[in-house]
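My notes follow the structure.

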Amino acid sequence: MRSPALYRLALTLALLLPLPFAAPAASAAEPRQVVETLDAALLDVMKNADSLGFRGRYQKLEPVLDQVFNLPLMARIAVGPDWSTLNPTQQQKVMDAFRRFSITTYAARFDGYSGESFQVNDVKPVSGGDQVVDTRLVRPSGAPVALNYRLRASGANWQIIDVYLNGTISQLANYRSEFGATLRRGGGDALVQLIERKIAELTPRR
């Protein structure tokens, strides 16, 4: 039979032992860091645009854009209130097409380097708990181009949910007018076809 005195001694010693060391959890990227990650990836493909080619730029940008953008939410915002008229299969097709369209757009447009750089300025809170990161594309000749990013917390992370061209023009608002009209006129299949055509127009044929 176990001695009560020995049991109490063993319990006391166990309580005095240090707890196993737990490494601190990795800190989630803040909005500025998210945009800086995107900027670094864009500069990389711009500087190596010719050697990568379109397909190489697409492949390098794909995992980064999946990380920094909330593309499924952006697809829903781009469609607008008519999103609820789509059935689940159509919604998935639109999200898939919008994702490929977004990556294709960046791979097609950031296709060369002439000494550009990105400058991240202010980070400002806006309605709904979102944050806007004020960014400039600085060019050796010509005025800087404002590219402001709106980010929303997604779990422990932040992701971009809209881009304001020239600092004020919502990219998704531009899409919404065309997407909504196409959806109301031809339904979900017509909307998917529209996005697929946009992808084809941006993709080099060679």
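**Ground rules.** I am working with a predicted model, where local features need pLDDT of at least 70, side-chain atom pairs count only at pLDDT 80 or more, and totals for chains, interfaces and linings use all residues. Residues are numbered from 1 along each chain as its sequence is written, and side-chain values use heavy atoms, with hydrogens and water left out.

**Pocket.** I took a pocket as an open set of points on a 1 Å grid over the protein atoms alone, with protein on both sides within 12 Å along at least five of seven lines; lining residues have an atom within 4 Å of a point. The largest pocket has a volume of about 280 Å³ (the space filled by probe spheres set on the points, which are joined across faces, edges and corners). I found 13 lining residues. Nearest the centre lie Arg-109, Phe-110, Val-145, Leu-147 and Leu-165. α5 (88–109), β3 (145–154) and β4 (157–165) each supply at least two lining residues. β3 gives the most, with four. Helices (H or I, at least four residues) and strands (E, at least two) are DSSP runs, numbered from the N terminus. By class I noted nine nonpolar, three polar and one charged residue in this lining. Ala, Val, Leu, Ile, Met, Phe, Trp, Tyr, Cys and Pro count as nonpolar, Asp, Glu, Lys and Arg as charged, and the others, Gly among them, as polar.

**Cavity.** Here a 1.4 Å probe fits but cannot get out. I counted one cavity of 30 Å³ or more. The largest cavity has a volume of about 70 Å³. Its lining includes Leu-65, Phe-69, Phe-98, Tyr-106 and Tyr-175. α5 gives the most to this lining, with four residues. The classes are eight nonpolar, three polar and no charged.

**Helix pair.** At what angle do α4 and α5 pack? I read about 105 degrees, with the axes 9 Å apart. That makes α4 roughly perpendicular to α5 (65 to 115 degrees). Axes are lines fitted to C-alpha atoms over the stretch in contact, and angles run from 0 to 180 degrees between N-to-C directions.

**Gln-90.** This residue lies in helix α5. Is Gln-90 buried or exposed? At 16% relative accessibility, Gln-90 counts as buried (under 20% relative accessible area, 1.4 Å probe, protein chains only). I listed its contacts beyond four places in sequence: Thr-85, Gly-188 and Asp-189.

Notes. Angles under 35 degrees count as roughly parallel, over 145 as roughly antiparallel, 65 to 115 as roughly perpendicular and the rest as oblique. Buried means under 20% relative accessible area, exposed over 50%, partly exposed in between (1.4 Å probe, protein chains only). Contact means heavy atoms within 4.5 Å.
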